[in-house]
Amino acid sequence: MKFIYYITLILIFQSCINSENKSESNKNIPKEELKFSKGFVLEEYEGYKLLKIRNPWQGAEGVEYKYALVQNKNNISKDLKVDGIIKTPVTKVVCLSTTHIAFIDLLNETSSIVGVSGANYVNNEKLREKIDMNQLPDVGYDNSLNYEQITSLNPDLIITYGVGGQVASYNQKLNDLGLQTIIIAEYLEDNPLGKLEWIKLFAALYEKEKIAEEYFNSAVHDYNSLLDLTKNVDQKPKVLLGLPWKDVWYVPGGKSFLAKMIDDAGGDYLWNENDSRESLPFSIESVFVHASNADIWLNTGVVNKKSDILKTDERFKNFGPYQNGKIFNNNLRMNPSGGNDYWEKGLIEPHIVLKDMIKIFHPDILPDHQLVYYKTIE
């Protein structure tokens, strides 16, 4: 009887160990601890990776999308609760933002792009050639999406984004057509290196993690090396951003990625006390008062010369930064249709953009640097 009792105990104990081990093997194992990004999490399980994208549009709270990334969809349990199952590596994608193009090009997968939104604004040379030869269709955007055309392209994945919650309805309509979508929200990151870190998400889609890791680490190293040059600057120029649109001046919040870049470059952003990461609307008059003593004026829309600013509002001729400040715009690299590479390739080159800003704020620190994305407005 004792023998049977002991055998029973051993079997129960062994069963508990096996159950515990099995449970451990199914627990999430972070592929890598993200260093800067707050908008997504990538976890690795047995047979698949789980991608979580959080609050992917302005004002979103408690919103989360989950995607399983798998090589073989048959290996996924039907009980797994996700918003989509994406077979990797993806080979045919539609990009609804030019920022997606820069990430994909970095992974040497530009040829996988079979459709874009806003073709006129694409700067990538390989894609521009296809667009000019009518070999890369423009599928529209938002309410003007050409669902029939997108379906005919038979993409593995449609990479979407949304400024507001309406993107959820566009995604659902695409899903109802049997098309897989993924929503990307790198633009909401409050750290330029956090934006760049989304390359790890794209790398998981294409199974190009090594390329992404090497580039990311190199860019972070270069960015941090530049921080060492500006951390002890004696004087920080006061910096103004933007230009009004229809009598409203949208000013990036003090917790935005632009505010951080200005601080990293040794500048004093005039709204750095603000605790928002999103742009805030102000009247032209209130900005005139608050920014009358700005030393540097950046990111002035489509302006190419000072007289263009007066076309926006004649009152600028009496504005301190217009009269006495230094004006620089981030539109040095434009295509003939008005596409600005600052908002495409500049996204994956925060270390180069930071160099430009340091050159503008403190020319003596980087005397040999030639501006890449910025130009002087005279």
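In which sense, left-handed or right-handed, does α2 pass α7?

The exception to keep in mind is residues 1-27, where the pLDDT is below 50 and where the model shows five contacts beyond near neighbours in sequence. Where pLDDT is low, the predicted coordinates should not be read in detail.

Now to a sheet of four strands. This sheet is open, its pairing is parallel, and its strands follow the order β7-β6-β8-β9. At the edges stand β7 (113-116) and β9 (181-183), each pairing on one side only. From one strand to the next, the twist averages 25°. To find one of the pairings by eye, look at strand β8 (residues 157-160), which joins β9 in the parallel sense over three bridges. There, threonine 160 has isoleucine 183 of β9 as its bridge partner.

Helix α2 connects this sheet to our opening question. It lies across β6 (93-95), β7 and β8, and runs at about 135° to β6. Helix α2 (residues 98-106) also packs with helix α7 (residues 199-206), at an angle of about 60° and with the axes 10 Å apart. The two helices, α2 and α7, are therefore oblique to each other. And here is the reply to the question: α2 passes α7 in a right-handed crossing. On the α2 side, the residues that meet α7 are His100, Phe103, Ile104 and Leu106, and their counterparts in α7 are Ile199, Phe202 and Tyr206. Sorted by type, the residues of this contact between α2 and α7 are six nonpolar, one polar and no charged.

β10 (residues 238-241) pairs with β12 in the parallel sense over two bridges. Lysine 238 has aspartate 268 of β12 as its bridge partner, while valine 239 stands opposite tyrosine 269 in β12. With β14, β10 pairs in the parallel sense over three bridges.

Finally, follow α13 to another helix. Helix α8 (residues 209-230) packs with α13 at an angle of about 20°, their axes 8 Å apart, which makes α8 roughly parallel to α13. In this case the crossing is left-handed. From α8, the residues Tyr215, Ala219, Asp222, Tyr223, Leu226, Leu227 and Thr230 meet Pro350, His351, Leu354, Lys355 and Ile358 of α13. The residues of the contact of α8 with α13 divide into eight nonpolar, two polar and two charged.

Terms used: Residues are numbered from 1 along each chain as its sequence is written. This is a predicted model: local features need pLDDT of at least 70, side-chain atom pairs count only at pLDDT 80 or more; totals for chains, interfaces and linings use all residues. Side-chain values use heavy atoms; hydrogens and water are left out. Two strands pair if DSSP finds at least two bridges between them. pLDDT is the predictor's confidence in each residue, from 0 to 100. Contact means heavy atoms within 4.5 Å. Axes are lines fitted to C-alpha atoms, for helices over the stretch in contact, and angles run from 0 to 180 degrees between N-to-C directions. Angles under 35 degrees count as roughly parallel, over 145 as roughly antiparallel, 65 to 115 as roughly perpendicular and the rest as oblique. A crossing is left-handed if the near helix is turned anticlockwise from the far one by less than a right angle, and right-handed if clockwise. Ala, Val, Leu, Ile, Met, Phe, Trp, Tyr, Cys and Pro count as nonpolar, Asp, Glu, Lys and Arg as charged, and the others, Gly among them, as polar.
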